[in-house]
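User: I would like to go through the labels given to this model and the grounds for each. Please set the values against the definitions.

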There are 2 protein chains.
Amino acid sequence: MDKLRKHIEEVTPLTDDEFEHIKTFFTLKRVKKHQYLSQEGDEAKFEYLILSGIFRMFHLDGDGKEHIVQFAGENWWMADYQAYFKAKKADLYITCMEDAEVLCLTLEGREKLSAEMHKMEHFFRVKLTNGFVALQRRIISLLAGNPQQRYEEFGRLYPHLMQQIPKKYIAEYLGVSRETLSRLYAK
Amino acid sequence: MDKLRKHIEEVTPLTDDEFEHIKTFFTLKRVKKHQYLSQEGDEAKFEYLILSGIFRMFHLDGDGKEHIVQFAGENWWMADYQAYFKAKKADLYITCMEDAEVLCLTLEGREKLSAEMHKMEHFFRVKLTNGFVALQRRIISLLAGNPQQRYEEFGRLYPHLMQQIPKKYIAEYLGVSRETLSRLYAK
C-alpha cells in the first residue's frame with residue numbers, strides 16, 4: 001500500500017489518518033501472465049491501479065481480430081470505463097502480459113471517497129484530466145498520423161513500454177504490419 | 001447565465017450565493033459562423049461551454065487535409081485539452097459552423113473554482129468522466145468499426161448533429177467518402 005500512498009501524494013498530500021481511511025477502499029489482487037481481468041460480457045466491477053506488470057486492453061471484432069485500445073504499466077489506472085461508469089456489460093478484454101499486482105476499486109468506493117474527501121475528488125479529477133488529454137492525442141494520432149509518426153510518438157511517450165512489449169502487439173497498437181514496424185525499428 | 005446554472009445543477013445543486021460566485025469566472029463570447037476559436041500555434045487560454053451553435057474541432061495534417069476530432073453542440077465543453085491543461089501551443093483548429101454563444105473559462109479560474117468549492121471539483125470530475133468514456137468509445141470505433149457501424153453509432157449518439165451538420169463533414173468525421181456516406185444514408 002506504500003505505492004498507493006506515494007502515487008496519491010504526487011497529486012495531494014495526505015495525513016496518516018486520511019491514508020488509513022483511503023486504503024480500506026482498495027483490495028490487492030495478484031494476476032498471472034495471460035490471465036484476464038475483463039472479458040466481453042463481464043460486469044466491470046473494478047477500476048484497477050497497476051502496482052507492477054503490464055496489461056493490454058483490446059476489443060475483439062466480429063472476425064476475431066484484436067484491436068488494442070491501450071497498454072498500461074505501473075501506476076496507470078485502467079478499466080473498460082463505459083462499462084465501469086455506466087454499469088454496462090464490458091466489451092473490452094484486459095489481459096496481463098507479465099505477472100502483476102493491481103489494486104481494485106469499486107465505483108461505489110470511488111464515489112464515496114470523492115464525496116467524503118475533497119482531496120480525493122481532486123486526485124481523481126487530475127487523473128481523469130491526464131487520461132482525457134492522452135485519449136484526445138491518441139484520436140488525433142489515429143486520424144492524422146502516418147505509421148512513422150505514430151511510431152515516433154509512441155516511443156516518445158512510452159519509452160519503457162517500447163522495450164517491454166512484444167513487437168507483435170506494438171504493431172497492432174500502431175495499426176501497422178510487422179514488416180512495417182521492423183522497418184521503423186531499423187531506422 | 002441561466003443556462004450555465006441549469007447545466008451545473010444537472011450535476012449538483014447550488015445556492016444563489018454559490019452561483020453568483022461561480023458566474024464571475026465565466027465570460028460570454030459571441031462567435032460568427034466560420035469564425036475560429038483556436039488555430040494551430042495559438043495559446044489555448046480558454047475552455048468553452050457552448051450555449052448555442054455548433055463547432056467543429058479538427059487537425060490539419062502536413063498535406064492540408066482536415067481530420068475532424070469532434071463536433072460540439074449546446075452544453076458541450078470544448079478545448080484543445082493538451083494545449084489548455086499542459087500550457088502548450090494549440091495544434092487543433094476550432095471553428096464555428098453556425099452563429100454561436102460560448103462561455104469562456106480560464107484554466108486558472110477552473111482550478112480556483114475546483115479548489116474553493118468541492119461541488120465544482122465534483123462537477124468537473126463528472127464532466128471529465130463522461131468525456132473520457134466518449135473518447136474511449138471513439139477510439140474503439142476508429143480501430144474496430146467499419147463505416148456502417150461508425151455511421152450507426154454516430155446517429156445513435158448524436159441524432160441532432162446528424163440533422164444539423166453538412167454531410168461533407170460527417171463523412172470526414174467518419175473517415176468515409178461522400179459516396180459511401182450517401183449509400184449509408186440511403187439504407
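User: Why is A:Ala87 called exposed?

Analyst: Exposed means over 50% relative accessible area, buried under 20%, and partly exposed in between (1.4 Å probe, protein chains only). A:Ala87 has 73% relative accessibility, so it counts as exposed. The model is predicted: local features need pLDDT of at least 70, side-chain atom pairs count only at pLDDT 80 or more, and totals for chains, interfaces and linings use all residues. Residues are numbered from 1 along each chain as its sequence is written, chains are lettered from A and ligands numbered from 1 in the order written, and side-chain values use heavy atoms, without hydrogens and water.

User: What makes the phi of A:Ala87 worth a remark?

Analyst: Most residues other than glycine have a negative phi. For A:Ala87, phi is near 50°, a positive value in a non-glycine residue. A:Ala87 sits in the loop between α3 (81-86) and β7 (93-96) of chain A; helices (H or I, at least four residues) and strands (E, at least two) are DSSP runs, numbered from the N terminus.

User: Why is B:Ala87 called exposed?

Analyst: The relative accessible area of B:Ala87 is 71%, so it is exposed. B:Ala87 also has a positive phi, of about 50°.

User: How do you know that the radius of gyration of chain A agrees with a compact globule?

Analyst: The radius is taken over C-alpha atoms, and the globule rule is 2.2 Å times the number of residues to the power 0.38. With 187 residues the rule gives a value near 16 Å, and chain A has 17 Å, which agrees.
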